4 protein chains.
Amino acid sequence: MIRAKIVGAGGYGGVGITELLLRHPQAQITCLVSLSDVGLLMSEVYPHLTGFCDTKILAPDDSKALEPADVVFFATPDGVGQEFARAELAKGAKVIDYSGDFRFDNTNDYAEYARRIKRDPVHKAPELLPESVYGLPELRRTQYRKATRLVGNPGCFAMSCLLGLAPAVKHKLVDLTSLICDCKTAVSGAGKKPNAQFHYPARYDQMNAYRLAGHQHTIEVERDLSLLAGKPVQVTFTAQVVPMCRGIMSCLYGTLRDGITPQQVQEAYREFNKDNVFVRLFDRNAAIGTVHVRGTNYCNLTVDVDERTRRLRVVSHIDNLMKGQASNALQNMNLLFSLPETTGLDQAGQYP
Amino acid sequence: MIRAKIVGAGGYGGVGITELLLRHPQAQITCLVSLSDVGLLMSEVYPHLTGFCDTKILAPDDSKALEPADVVFFATPDGVGQEFARAELAKGAKVIDYSGDFRFDNTNDYAEYARRIKRDPVHKAPELLPESVYGLPELRRTQYRKATRLVGNPGCFAMSCLLGLAPAVKHKLVDLTSLICDCKTAVSGAGKKPNAQFHYPARYDQMNAYRLAGHQHTIEVERDLSLLAGKPVQVTFTAQVVPMCRGIMSCLYGTLRDGITPQQVQEAYREFNKDNVFVRLFDRNAAIGTVHVRGTNYCNLTVDVDERTRRLRVVSHIDNLMKGQASNALQNMNLLFSLPETTGLDQAGQYP
Amino acid sequence: MIRAKIVGAGGYGGVGITELLLRHPQAQITCLVSLSDVGLLMSEVYPHLTGFCDTKILAPDDSKALEPADVVFFATPDGVGQEFARAELAKGAKVIDYSGDFRFDNTNDYAEYARRIKRDPVHKAPELLPESVYGLPELRRTQYRKATRLVGNPGCFAMSCLLGLAPAVKHKLVDLTSLICDCKTAVSGAGKKPNAQFHYPARYDQMNAYRLAGHQHTIEVERDLSLLAGKPVQVTFTAQVVPMCRGIMSCLYGTLRDGITPQQVQEAYREFNKDNVFVRLFDRNAAIGTVHVRGTNYCNLTVDVDERTRRLRVVSHIDNLMKGQASNALQNMNLLFSLPETTGLDQAGQYP
Amino acid sequence: MIRAKIVGAGGYGGVGITELLLRHPQAQITCLVSLSDVGLLMSEVYPHLTGFCDTKILAPDDSKALEPADVVFFATPDGVGQEFARAELAKGAKVIDYSGDFRFDNTNDYAEYARRIKRDPVHKAPELLPESVYGLPELRRTQYRKATRLVGNPGCFAMSCLLGLAPAVKHKLVDLTSLICDCKTAVSGAGKKPNAQFHYPARYDQMNAYRLAGHQHTIEVERDLSLLAGKPVQVTFTAQVVPMCRGIMSCLYGTLRDGITPQQVQEAYREFNKDNVFVRLFDRNAAIGTVHVRGTNYCNLTVDVDERTRRLRVVSHIDNLMKGQASNALQNMNLLFSLPETTGLDQAGQYP
C-alpha cells in the first residue's frame, strides 16, 4: 500500500484527496497535517467522514507528522510546498503540490508567476524546479519517468483552457494571435476560507468578472501553448465567477487558419485525445454542461466551428475541485507509481 | 452476480439505483426499462454516465425487457408496481418497489393511502400485500427472510420521521398525543418532471409549506409508530420545501412523559440503534446538517431535550434520494440476498 | 422633511433602511455613519446605489456626524445603541434601535437576554428602558405616543412568531403549554459579515438547525405572549437556516383548547388583524411562500387547523430584512412622526 | 393618465411591466389579458400583488379587453404581436412588443430572423414594419417621433451586446472581423414555462452553453452594429445559462485597430453615453457584477483593454427582465409619450 500524507488536510483540496484516497485500492492515508484544526479528528471538521476518516489532524512539526510517507500531497496555498518539499523528498517521498510552487521548471518563469500574485519572486527551493513535472498528464504524459518525484498540479482554469486549446495549437488549426479564454468558475475554486464576495447572500444571484488586470493562470496557459506551438503564444483571459459550488466552463476562441475545415478540427481533437481516457468529446448538439463532470476527473469538450466567422469555439467543462485539483492530483499519483491512470478514479458522478 | 432490472430508469430514482449498482461488487444491471427515452442510451439521457452505462433503454414490452432478472427495482410512481410485480415474481425475481404500492400489507391500509393521493383505492395485486415487507431495515430487519421476495421501499419523509421517532415511541419516552413532524425537503423529492413551482426562477429564493390538508406519508409514519406503541398513534405532519437539490431535515417533537430524563432519552436512542450502522447519533452541540449525509445512505439524528418545556426534539437528516429512496432500496436488496447491509454502500459523500 | 441619520450604514440593516428612505416622501438621509468603510461613498460600498446615494460614510465621531437629526436608526449589533442613544435623544432625535438593547423595558429582562447572547448583563443606559417601546406595531400600536422617542425594533424570528401566535394566545384558542415555534430563516438574517457556515460552497445545498440550547429571540416571544395571556408562557423554539437570501418561514403549533372550532380560529385571526394592513391572512389551500413577501413589509399568515390532532398550525412568512428589520423600522418611524404607517412602504415586491 | 393594456400578463414579462406601471405616476393599468389564467385575479397568479393589483385577467376576445387603451404592451412570444397589433393601432393605441415581431423594419430581415427560430418567415403585418422603431433608446433615440406608434423591444442578449459594443463600432476602435460576444444569462430569460433543463434540481449547480448553431439575437446585434459601422458586421455569439434568476453578463471582445489607445477607448465610451442616463461606466478595478443592476433599468459597463494582446474587453451587465425586457419597455413608453425617460424608473434596486 502506498502511504499517503496530506498537508493542508483542512481545506477543500485536502478533503477532496482524502475522499479519493479512501476509495483507492492501493493507497492509504497515514497522516493528515494542517495548520488549522490541529488536534481535531478529520471527521469533526468534515462530519460526512464520520466512520470513514476519524484520523487526528496533526501540526506540521508533530513527531508523527515527520514519519516518512510514500507520497505527500501539498494541498496548500502558494509558498508552503517550496518550503517543505525538500525534506519530504529527502525522506524518500514523492511530492505532488497543488499550488504554483512547482508548475515551472525554472526560476524565471516562477518569478513572473510570483509577481502576478504579489509574492516573493525568489523561489525557496530553486534546485528542485528542473526536476519538477507540470502535472497535466494529457499534455505531459511522456515526462513522467520512474525517477520522477515532484509534480506541480496545474491551476484549475489552466487545466480547462489547456485541454481545450492544446489540440488546436498543436495541429496548427488557429491563428495564434486570436486566442481568447472566457472562463467561468464556481465558487469553491476560491477555497474554504470565507470572504465577503462569496458570502451566501452576496453571491446567490450574482455573477461577475474579476482580476481583469491579469489572472496568474494565464502564465501556465501561455507557457504550455507556446511549447506546443514552438513559438510564443499569448491569450486574452477573462476570469468570471458564478453562483455554483463546483464547475468550470471555459469558452475558448480562435480564428481558423486559411484552409482548415471543420472536419479537420474534429479529427485533430480526436487524434490528440486518443489516449486520454478522461477527455470526452462532444459536438455542438450535445446537451451537456458542468453538471455532467461534477465529482469526477473528466473533462468534457464541446468542439465547434462557427462557420460564418470561421472561428473555432471549444467549450471545456471540468469540476474545478476534481480534474482542476484533487482527482487530477490522484491521476498524477497513479502515474508516479506506475498504476493505471484510472485507478481509484473509475466512478461516474452522482446526479442530480 | 445478481442480475438487476430497473423499471423507471429515466427518473431520479432510476438513475440513483443505476449509479449505485455500477459500484456494487455483486450485482450487474442487465436491463433498463422506461416509458420515456425508449431507444436512447442511458448515457444519452444522463451524460455523466458516458462510458459507465451506455445501455439502451427498453420499452416495458420489449422482448429483451421480458427476460428474467434476479431483482427488479420499480423506480416508478404509484400504480406501476402493483400492475407488473406479479409477472416479475412469477419469473423468479425479487421485487423492490419505490412507491406506496407495497408499503402496506393489507387492502384497507392501502385504500386509505390511495384515497389520500387521489388514486383508485382498489389494489391491483391484493394477493401480494400480505407477503410484502415494509422496507425500513432499521425497524423491520427481522422480517426479511430467505423467502421474502417483495419489499415496499418507504416514503422519504416517512423514513426521516420513523428513524427519528421510533426509539422515543418504542421506549415510551413521550406522550403519544403530542407528536409533531415538521419536515423540510429539497426539491428532488418531487422527481424529475418539471413543474411550475420547481422552475428555477420560481424556487431559487422561495420556501413554502404544502399539502397542509394531509400528506400521504403520514399514514406510513402513524402505522409504524402505532405498531411500536401497541396502540394507535397520530401525528401532526407539515411538509415544506426549500431551495435545495438533496436533503430532508425533519424536526420531530414530543412532550416527555413524567419522570423521563434527558439521560434516558440518549440511552434509548443508543440502545435502539446499536445495530443500525447507517444511523449516526449526535447531540445538540454538533454542527451538522443535511450536507453531511448528502449522497449517502446515512441518517444523522440530533437527539435533544428542551428541558424548560420538557420536550423531546429530534432533528433527523437524510438524503431524500438515498436513504429516502435509492440507497435504501439497495440496502433492501442486500438484505433480500443475504449480503452485508453495507455492500456497495460503504462510501462517504463528497464535500462540498 | 425628517432628517434621518443611519448608524451602521455599512451592514444589511443599514443599506436596507437607506433604500427605503430614498423612496420615502417625507424623509431624507442626512448622515451615514459606520465603523467600517469610513470615507467611502455609500455607492462605493453598494454600487447599486450609484447615482442614488453617493453620500460619504462618516466615522461616529466625525463632527458632521454629530449634527442633530430628527430620527436616528441604530442599524447596529447589540451594545451600540445603549452606548450612544442617550446623546442622540439629548439632541432631540427620536431613536430606533435594531438590536436587543431597547426591546425590554426593565433591567431584569434585559439581563436575561444579555446572558443568552453572552454579553454584559448590565445595561449601559438603564434609565432609558422604561420609556422604550417594543417596536412591533401590530401588538403595541397604542403605546406609541406623541412623546415616544425610543423604539426597540423586534428580532426577526420574534416578529414572525408573535404575529403568528398573538391572536391564538390573546383569544385563548390554545393550550399555553403546547406551543412550538419551528423557524426557518434565510442566510441574510446573520448579517453581512462572512463566516464559515454561510460561505457559498458550504451553504448552497445545506440546511441545519442551530443554537438548540436556546435562541435569544425566544425571550421576546415569551415576554409578549405572556403579556397577551396574562400569565407566563413558554415555547419550544427551533432555529434553522436554509440556502436562501431573504425570508423567514415559521411553523407555529399549539393544541386547541376544548371546544374551540376551526371557524373560531379563523375569526380570531381576522378580528385581531382588522387594523393591521401589513398582515395578510390565507387559508391552507393558498399557494404562498416566502417569495410573496420578499422585499416588502408584509407578513403573510396561513392559518390552519389539523382537525385530526386538534392542533392549530400557523405558517408565518416575512422577509427577515424587511418586516424582520428595515421596513418595520420605517413603519416605526412613521408611527413616531404620526405619519400613515404605510408611507414609503406602499410597494409590492418584485417577482421572480 | 395613460391607459395601459398588458397582453401576456401571466408571464414574467407581464408581471414585470405590471409592477413597474403600478409605480408609474402617469400611467394606470386598465386591462390585463392572457391566454392562461383567464378569470383569475392577477394577485391570485402573483400573490405578492395582493392588494396592489387585484384586477381580473381577461381572455383576448373578452369585450372589456377590446376597449381602447393608450398603450398596449405585448408581453408575448413571437407571433402574437404581428397578429393583433394592427387592431390596437387602429383603435389609437401605441404598441410596444416584446418579441422579434417588430424588431425589423423590412420583411427580408424578419424572414431571416424567423427562420432562425423555426417560425413562418412570412410576416402577418408586413405593412407595419417600415414604421416600427427598434426600441433601444440609447442607439435609436432620435427615431422616436411624435407620430411613432410601434416599437419592437430588443432581445435581452442583444441589449447587453449592443450597449457594450456600439461605442467601439461607432468610434471605429476595433477590427470589425474580430468581434466575439460571450454571453451568460440567468434562467428567467427563458420565461415562466417550466422545462427540463430549468427544473431546480437540474440547474442548481449546472452551467452550459446552448444553441451554438446560432442564437436568433445575433441578427439584431449584427444589424445594429452594421448600421453603426456603415458596412456589414458579423460576430461570434455564444449563449450560456447559469444558475441565477436575474442577470445577463456579456463579455465582449474585439481587437483594437492600430493606433487606438486605451485612453481613446475610455473617451469614446464616455462620449457615446453622455446622454444615456441608464448606462453607467466603470473601469477594470470596479468590483461590480450583475447584482448591482438587479431589479433596475441600468446597464453597467466595465470598459477595459488587455494591453498585452491589444484587445478591447467590455463586460456588460443588465437585468434580463428589466433593461433586457420590462423596464426598457417602460422607457420606450416614456419616449412615446414624451415623458422623461426616467419616469417610473427612478429607483435603485434592493440589496442583497
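The centres of domain 1 and domain 2 of chain A lie 25 Å apart, taken over C-alpha atoms. The model is predicted: local features need pLDDT of at least 70, side-chain atom pairs count only at pLDDT 80 or more, and totals for chains, interfaces and linings use all residues. Residues are numbered from 1 along each chain as its sequence is written, while chains are lettered from A and ligands numbered from 1 in the order in which they are written.

**Domains of chain A**

- Domain 1 covers 2–153 + 325–336, and domain 2 covers 156–318. These bounds come from an automatic or database domain assignment.
- Domain 1 of chain A puts 16 residues into the contact, and domain 2 of chain A puts in 18 residues. Two residues are in contact if their C-beta atoms, placed from the backbone, lie within 7 Å.
- On the domain 1 side, α4 (107–116), α5 (137–140) and α10 (326–336) of chain A each give two or more residues. Helices (H or I, at least four residues) and strands (E, at least two) are DSSP runs, numbered from the N terminus.
- The largest share of that side, 4 residues, belongs to α4(A).
- By class, the domain 1 side holds 5 nonpolar, 6 polar and 5 charged residues. Ala, Val, Leu, Ile, Met, Phe, Trp, Tyr, Cys and Pro count as nonpolar, Asp, Glu, Lys and Arg as charged, and the others, Gly among them, as polar.

**Chains A and B**

- The contact takes 23 residues from chain B and 23 residues from chain A.
- Helix α1 (residues 12–23) of chain B gives the most to the chain B side, with 5 residues.
- That side has 12 nonpolar, 8 polar and 3 charged residues.

**Backbone exceptions**

- Most residues other than glycine have a negative phi, and most peptide bonds are trans.
- Y351(A) and P352(A) are joined by a cis peptide bond, with omega about 0°. P352(A) sits in the segment after α10 of chain A.
- R211(B), not a glycine, has a positive phi near 45°. R211(B) lies in the loop between β9 (208–210) and α8 (217–229) of chain B.
- R211(B) counts as partly exposed because it has 16 C-beta neighbours inside 10 Å. The cut-offs are 20 or more other C-beta atoms within 10 Å for buried, 12 or fewer for exposed, and partly exposed in between, with C-beta atoms placed from the backbone.
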